[in-house]
Amino acid sequence: MNDSEAPLVFPTTGGLCVRYRDRLLYSEREPSRLPRRIAAACDPGPGRIHLVLSPLLWYGIEELLAAAGPGSTVLGLEADPQLAALARKSLRPELLQSGAVSFLESSSAEEMVRAAASMGRFRAVSVVPLSGGEALNAKLYRRVADLLKAEIESGWRNRAALMLLGRRWARNILENLAQLPELDVRRLPRYPGAAIVCGAGPSLESALPFMAEHREALAVLATDTSLGSLLQAGIEPDLVICLEAQAHNLADFVPLGSRRLPLLGDISSHPGSFRAVAGPKHLSFVSLAESPFLDRLRAALASAALPFRPMQPLGSVGVHAVDVARAIAGGPVFASGLDFSFEVGKTHARGSPSLLAEERKLRRLHRWQNQLAISFRERNIPAPCPPLPEGPALLSDPVLLSYARLLGDTASAEGAVLLDIRGRGPSLGIRTVDLKEAGKLLHAASHGNSRSEGPRCAPGHEAAGSPGELAAHLLRFTQGELDRIRLLKDSLKGRRRNSDEELCRAVIDLDYLYWSFPDGDRAVSLARDFLNRLLPEIDFWEWKLSETRSALETLAP
């Protein structure tokens, strides 16, 4: 049977069966028995998306719907056009119309994932193969399940991060707006040759001689925590990258002294980061969440001609730095110090703030307490990689391993090729080279083109207009936010009459008010307890916006 022939549906003593491509897709004896047993044994937890792979005659769908937990949904997937036609014909219209079951035909894993993700927010993925048709495209279906699981995990991690840091992020954004006009923010440079991204993991130490040897042909991009290790080795990076919203990472900049280095900071980074580095400033804009507030802010910065790089939330500053490097480097990008693992008693490279702080405390009876405490945390697990050449096994934790997977996914997107020169740590899913081979590749990439030529900047405006013009743009944005928040305050206090639709729109537009709420998704319900909790937030953010406005008024013409 060739691919153009339709599947054969034929009766058996136990019901209809299907033959396709010279194979049976159900058992000839009671074809519906196994699918029903599989469906009845599905994950009964709440908020599941059940992926029914190659549903064909939809045997077991009733059992699946009966066993599924609250808030769950069913999505049938089929990659084969002939089997998709059979599935559409066999699906009862009332199930499709009720919204209990959806069906998608596609040969693209990405399209399937987008369709599944658009159906709502789910807690987990349940894979339910109800026929032998799943084996015809098993690799595709496995990729869909893996991508969707990663998407859901990422969504919940981002939600947890928003609850933990959302208030800090919003506060940083407003404080950074007040100082942006004085920072002289410039467009991110482009480097014509190869680059190396430096994390603060112990593997950075082995790459320091390589960087020193090839310094003139190599752009060095350093995460903030790796700065001390590099400066201790006499290497001044071409760009320092900071993403941290909290104050404790400001210690990373202490080794700088009076050196002037370019800094790429995020609009949500701690305001002290921009003040701690005396050098040119560049700006990234991470989409922390799907947010009307961030959409308005992004539009305001663009209308002010302020150069910034829009970015997706990547969690780790190392992954963030790799994404930047692959966009601005003309040659290959090497990854070093991005270990996502550690050995007992040593979590970072020599010269990093955590090790320096421990060294200052060393006494005869005080030996690396913090390093050892981190090494023996309950959440630590063996890293999925070989032990070090000297013998010690590496440790990691679920968060670090999720960053390693995310880095691998990032490296597959369009941009400069990423090469792994770490020599240790979990696989990133990219090509691994040793330092000798890296030197050869670097020589080939830098032939006739060295770092001494200087960075090539992207065409267009190097910086925004005068500080006064930028302050005037940001002042209009800030005043608009103040007006919005005061109108919502009047509505909640009964001084202004609104329809439920108008009130809902006003609450959604000011989403940063409840970024830190664990039940932020209840905003659309307009529940009275939720609205009452907004009032103290409104008072706080009205004060912060007024403070930002006052600072900008002193700079605006």
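A pocket is an open set of points on a 1 Å grid over the protein atoms alone, with protein on both sides within 12 Å along at least five of seven lines, and its lining residues have an atom within 4 Å of a point. The structure examined here is a predicted model, in which local features need pLDDT of at least 70, side-chain atom pairs count only at pLDDT 80 or more, and totals for chains, interfaces and linings use all residues. Residues are numbered from 1 along each chain as its sequence is written, and side-chain values use heavy atoms, without hydrogens and water.

The lining of the largest pocket comprises 50 residues, and Glu-151, Ser-154, Gly-155, Asn-158 and Glu-290 lie nearest the pocket centre. Helix H5 (109-117), helix H6 (138-183), strand E14 (309-311) and helix H14 (398-411) each give two or more residues to this lining; helices (H or I, at least four residues) and strands (E, at least two) are DSSP runs numbered from the N terminus. H6 provides the largest share, 16 residues.

Val-286 stands opposite Met-311 in E14. From E13 the chain crosses through helix H10 (residues 292-303) to E14 in a right-handed β-α-β crossover, that is, with the strands pointing away from the viewer, the path over the helix runs clockwise from the first strand to the second.

Technical notes
1 Å grid on protein atoms, 1.4 Å probe; cavity = no way out; pocket = protein on both sides within 12 Å on 5 of 7 lines; lining within 4 Å. Pairing = 2+ DSSP bridges.
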